[in-house]
Amino acid sequence: MSLTKYDIAKRIAQELKDGYYVNLGIGIPTLVANYIPAGMDVTLHSENGLLGIGPFPKKENVDPDLINAGKQTVTYTEGGSFFDSSLSFAMIRGGHINLTVLGAFEVTDKGDISSWKIPGKMVKGMGGAMDLVAAAENIIVATTHTDKNGNPKLKKECSLPLTGVNCVKKIVSDLAVIEITEKGFKLLERAPGVSVDEIKEKTDAPIIIEGDIPEMNL
Amino acid sequence: MSKLINNAAEAVKDIKDGMSIMLGGFGLCGIPENLINAIYDHGAKDLICISNNAGIDGFGLGKLLNKRQVKKMIASYVGENKEFERQMLSGEIEVDLVPQGTLAERIRAGGAGIPAFYVPAGYGTEVAEGKETRSFNGKMYLMEEGMTADYAFVKAWKGDTKGNLIFKHTANNFNQAMAMAGKITIAEVEELVPAGELDPNQIHVPGIFVQKIFQGKDYEKRIEFETISE
């Protein structure tokens with residue numbers, strides 16, 4: 001069975017390490033915050049100028065001056081800090097953010113990603129995505145394995161405008177965990193009940209498969 | 001020389017058609033509401049607006065877009081504004097989409113007197129078209145240029161008569177860098193106090209960057225996406 005978006009987030013949370021500073025993109029990546037292991041010190045970064053994103057506020061504590069990069073009202077955690085946009089991106093560009101999780105339209109076996117523009121249709125702008133993918137040392141893409149028409153999103157080449165090149169390190173989809181190696185996609189884990197053949201069939205590029213591929217432990 | 005002015009109308013009276021204006025804010029958080037309304041009333045057109053976002057339909061920068069006062073928009077994300085997207089897709093407005101961190105740094109650099117710098121963002125993408133690229137320590141970078149503007153409109157939580165500014169929470173965002181990059185920077189503040197009342201240790205923008213300041217009024221502070229936990 002393919003994973004729900006919540007299970008994708010849960011699996012990505014297993015990539016977190018104590019002391020990490022993490023930037024979570026909009027959509028499935030945001031859900032990762034719900035699965036940070038208890039007792040683990042993980043600080044969430046929001047590129048509009050906040051380190052230490054807390055839960056959504058109670059109705060009576062909503063503050064229009066306190067939002068995340070998705071423009072949602074949030075709170076801040078103990079030890080949180082606020083800063084301006086240029087300093088926020090110094091944290092990103094300077095390599096101080098340990099992990100970035102974001103969504104994608106397409107990812108290639110070389111780690112290229114398209115995520116921001118569909119020419120003639122959706123031209124909203126790249127926001128901070130290009131800065132994040134160009135600079136974070138560790139980038140994980142959270143996505144469905146295929147688009148809503150069933151077309152593979154993991155491919156040899158992106159057909160849509162690129163967000164960045166040679167940057168994605170790992171993909172967690174509803175079917176598989178795939179590492180991007182120098183030799184291309186490498187299957188690490190499969191969703192419970194999903195076969196290696198199904199993953200191969202729904203991926204538009206060769207996949208390296210070594211030995212038995214374990215199911216994800218959710 | 002006093003930096004104090006009475007209101008937003010006085011602040012924008014010398015703005016001419018075709019001028020460039022930086023506007024602070026992220027989404028609708030920390031936007032200079034009074035100054036946007038004043039330039040709307042003033043009616044200047046063919047403006048070049050530099051702002052991370054373009055407001056929403058009918059509020060914030062969206063007001064100026066609806067009245068066709070903007071010739072060119074330089075922004076990183078304009079997704080919350082349908083009228084803007086329409087004008088962009090139909091070619092009625094010139095748009096320069098810039099990666100958010102690059103935009104922030106171009107503004108900071110402009111204000112800091114740095115004409116150009118190298119960043120990795122956008123390398124290998126359409127953002128790199130026509131730009132100088134260069135390798136440092138085996139990694140490729142793009143050259144980006146610092147940016148200034150005729151005016152910068154910024155909004156702060158507290159300010160004093162010397163132009164010192166303090167922001168609240170995430171309402172700082174682009175305001176701080178833009179305050180540095182305006183040839184004329186106008187600050188509107190929620191609370192204006194006499195010089196000496198703000199703690200100098202807590203100042204975000206030293207008054208040297210601010211030419212005019214006034215007490216803002218009637219802040220709406222609209223929320224784009226109110227999300228609450230039960």
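What is the accessible surface of chain A, and what share of it belongs to carbon and sulfur atoms? The accessible surface of chain A comes to about 9400 Å², and 50% of it belongs to carbon and sulfur atoms. Accessible areas here follow the Shrake-Rupley method with a 1.4 Å probe, and for residues only the protein chains shown count as cover.

This is a predicted model, in which local features need pLDDT of at least 70, side-chain atom pairs count only at pLDDT 80 or more, and totals for chains, interfaces and linings use all residues. Residues are numbered from 1 along each chain as its sequence is written, chains are lettered from A and ligands numbered from 1 in the order in which they are written, and side-chain values use heavy atoms, with hydrogens and water left out.

**The two chains**

Chain A contains 5 helices and 15 strands, while chain B contains 6 helices and 11 strands; helices (H or I, at least four residues) and strands (E, at least two) are DSSP runs, numbered from the N terminus. For chain B the radius of gyration is 18 Å, close to the 17 Å that the globule rule gives for 230 residues, so chain B is as compact as a globular protein of that length. The radius is taken over C-alpha atoms, and the rule is 2.2 Å times the number of residues to the power 0.38. Chain A has a radius of gyration of 17 Å, in agreement with the value near 17 Å for a compact globule of 218 residues.

| Chain | Extent of C-alpha atoms along the principal axes |
|---|---|
| Chain A | roughly 50 × 40 × 30 Å |
| Chain B | about 50 × 50 × 40 Å |

Buried residues (under 20% relative accessible area, with exposed over 50% and partly exposed in between; 1.4 Å probe, protein chains only) make up 56% of the 218 residues in chain A and 53% of the 230 residues of chain B. In helix 2 of chain B (residues 33-42), the buried residues include B:Leu35, B:Ile36 and B:Ile39. That helix is followed by B:Gly43, which has a positive phi near 90°.

**The interface**

In chain B, 50 residues are in contact with 48 residues of chain A, contact meaning heavy atoms within 4.5 Å. The area buried between the chains is about 4000 Å², with 58% given by carbon and sulfur atoms. On the chain B side, B:His169, B:Thr170 and B:Thr227 lose the most area to chain A, together 16% of what that side buries. Buried area is the accessible area (1.4 Å probe) that two parts lose on being put together, summed over both.
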